[in-house]
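Let's take a walk through a protein model together, going from the overall fold down to single residues. Keep the structure open beside you as you read.

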Amino acid sequence: MSPYFSLTIAFACSLLLLVIERTQAEKGRPWITPNLLTDACVGLIRLVIVSGLLSGFVLSTQWLIHSEIPFLQTGLIDGQPAWLQFIAYFVAVDLTFYVFHRVMHSTKPLWVFHAVHHSARRFNPMTNHRSHPLEEVLYLMSRAIPPAILGGSPPVIIAFLVIDHFWSILVHCDLKVNLGPLKYVFVTPQYHRIHHSIELQHFDKNFAGRLIIWDYLFGTMHSNFHEYPEIGIDGYPVVEESASPMKAMGYAIGHFLYPFRALWAHFAKPAKGHDFVRDEVKPPTEQLFALHANRS
Ligand SMILES: [Zn+2]
Ligand SMILES: [Zn+2]
């Protein structure tokens, strides 16, 4: 499955959700905001320039499983009904995502890449595209490895990808929506908003991407489903203030460069006291440790 194909589906889902979100929004909200334009530009960089390089990496991982690690290619769901294959992909991809997501929050060199996604100050149907191309490798792998191991049929994989992209984009919309009783099973826009919150009590909560059971099982669930906090990262250096397409592309390039500058400053020049990963941009886990240390 080509990453280009996957990301093109994601853009199409965003456009559909943009129409839905804006028809639900309060009167007077503009269709194009600085955040939305920058997020679309970050997505374009990811799609057009860098994903091409990453395609080979993801496809070679699938090839590796097929030809070099055949015992991993279980074919467990080959010949099973389509609905069963779909559920198997859903659960396997989601658990893989949960693990990758937690690793990104607890490892500083990975967090600076994930911080690009968390830097959004307002959700919109393009926010899901605000992820660094190198972080995208992990997401593409989380969607590519389970089908390679489990087997199944391509039409079910494509159906899964379409619905999965739609859901990932939906939970990043600026919608105060909890989906009624579905909120006890699935991640909703309000549930995921807690994960992006700037409030300390929400740090390191609600990591799940699709099913909230992983947060419940691993103790990372924030059980109040009704909050609607501010989002973003205080101190993050790229701040979007203009809806001009040229400036939006400039901000997007700033996001692309941020993790490299942060890592360079942190690892190559620590003696000079440059720490581009400022306290506010440090991983939530590290901020919590620092806070407890200051209190004790
Ligand atoms: Zn996160
Ligand atoms: Zn998110």
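Start with a residue in a loop. Leu-179 has 17 C-beta neighbours inside 10 Å, so it counts as partly exposed. You'll find Leu-179 in the loop between helix H6 (154-170) and helix H7 (189-195). Its backbone is worth a look too: Leu-179 has a positive phi of about 60°, and yet it isn't a glycine. Why point that out? Most residues other than glycine have a negative phi.

Asp-204 is another one to look up. This residue isn't a glycine either, and its phi is positive, at about 60°. Asp-204 lies in the loop between H7 and helix H8 (213-218). Its count is 16 C-beta neighbours inside 10 Å, so Asp-204 is partly exposed.

**The big picture**

Now zoom out. Remember that this is a predicted model. The protein chain is built with ten helices and zero strands. Read from the N terminus, its elements go α-α-α-α-α-α-α-α-α-α. The chain has 296 residues, and 38% of them count as buried.

Two packed helices are described by the angle between their axes and the distance between the axes.

| Helix pair | Angle between axes | Axis distance |
|---|---|---|
| H3 and H5 | about 145° | 9 Å |
| H3 and H6 | roughly 50° | within 10 Å |
| H3 and H4 | about 105° | 6 Å |

Take the pair with H5 to begin with. Helix H3 covers residues 82-106, and helix H5 covers residues 133-150. H3 passes H5 in a right-handed crossing. On the H3 side, the contact is made by Ala-88, Tyr-89, Ala-92, Val-93, Thr-96, Phe-97, Phe-100 and Met-104, while H5 brings Glu-135, Leu-138, Ser-142, Arg-143, Ile-145, Pro-146, Pro-147 and Leu-150. Sorted by class, the residues of this H3 and H5 contact come out as twelve nonpolar, two polar and two charged.

Next comes the pair with H6. H3 and H6 are oblique to each other, and their crossing is right-handed. The residues that make the contact are Ala-82, Gln-85, Phe-86, Tyr-89 and Phe-90 from H3, together with Val-156, Ile-157, Ala-159 and Phe-160 from H6. What classes do you get here? The contact of H3 with H6 has eight nonpolar residues, one polar and no charged.

Then there's H4. With an angle of about 105°, H3 is roughly perpendicular to H4. Val-103, Met-104 and His-105 of H3 meet Leu-110, Trp-111 and His-114 of H4. By class, that contact of H3 with H4 holds four nonpolar, two polar and no charged residues.

Is H4 mostly covered or mostly open? Helix H4 (residues 108-118) is mostly covered, with eight of its eleven residues buried. The buried ones in H4 are Trp-111, Val-112, Phe-113, His-114, Ala-115, Val-116, His-117 and His-118.

**Inside the cores**

Which residues have the most contacts inside the largest nonpolar core? They are Leu-17, Tyr-98, Ile-169, Leu-170, Cys-173, Val-187 and Ala-208, in a core of 27 residues. Helix H1 (3-24), H3, H6 and H7 each supply at least two residues of this core. H3 gives the most to the core, with five residues.

Pick out Ile-169 from that group. Setting aside neighbours within four places in sequence, Ile-169 is in contact with Ala-10, Cys-13, Ser-14, Leu-17, Pro-125 and Asn-128. There's also a second, separate core of ten residues, and Leu-36, Leu-37, Val-42 and Tyr-251 are among them.

**One last stop: Ile-9**

Ile-9 sits in helix H1. Is this residue buried or partly exposed? It has 17 C-beta neighbours inside 10 Å, so Ile-9 counts as partly exposed; a buried residue needs 20 or more. Leaving out neighbours within four places in sequence, Ile-9 is in contact with Leu-161, Val-162 and His-165. Ile-9 and Ile-158 are 149 residues apart along the chain, and their C-alpha atoms are separated by 9.6 Å.

Notes. Residues are numbered from 1 along each chain as its sequence is written. Chains are lettered from A and ligands numbered from 1 in the order in which they are written. This is a predicted model: local features need pLDDT of at least 70, side-chain atom pairs count only at pLDDT 80 or more; totals for chains, interfaces and linings use all residues. Helices (H or I, at least four residues) and strands (E, at least two) are DSSP runs, numbered from the N terminus. A residue is buried if 20 or more other C-beta atoms lie within 10 Å of its own, exposed if 12 or fewer, and partly exposed in between; C-beta atoms are placed from the backbone. Axes are lines fitted to C-alpha atoms, for helices over the stretch in contact, and angles run from 0 to 180 degrees between N-to-C directions. A crossing is left-handed if the near helix is turned anticlockwise from the far one by less than a right angle, and right-handed if clockwise. Two residues are in contact if their C-beta atoms, placed from the backbone, lie within 7 Å. Ala, Val, Leu, Ile, Met, Phe, Trp, Tyr, Cys and Pro count as nonpolar, Asp, Glu, Lys and Arg as charged, and the others, Gly among them, as polar. A nonpolar core is a set of buried Ala, Val, Leu, Ile, Met, Phe, Trp, Tyr and Cys residues joined through C-beta atoms within 7 Å. Angles under 35 degrees count as roughly parallel, over 145 as roughly antiparallel, 65 to 115 as roughly perpendicular and the rest as oblique.
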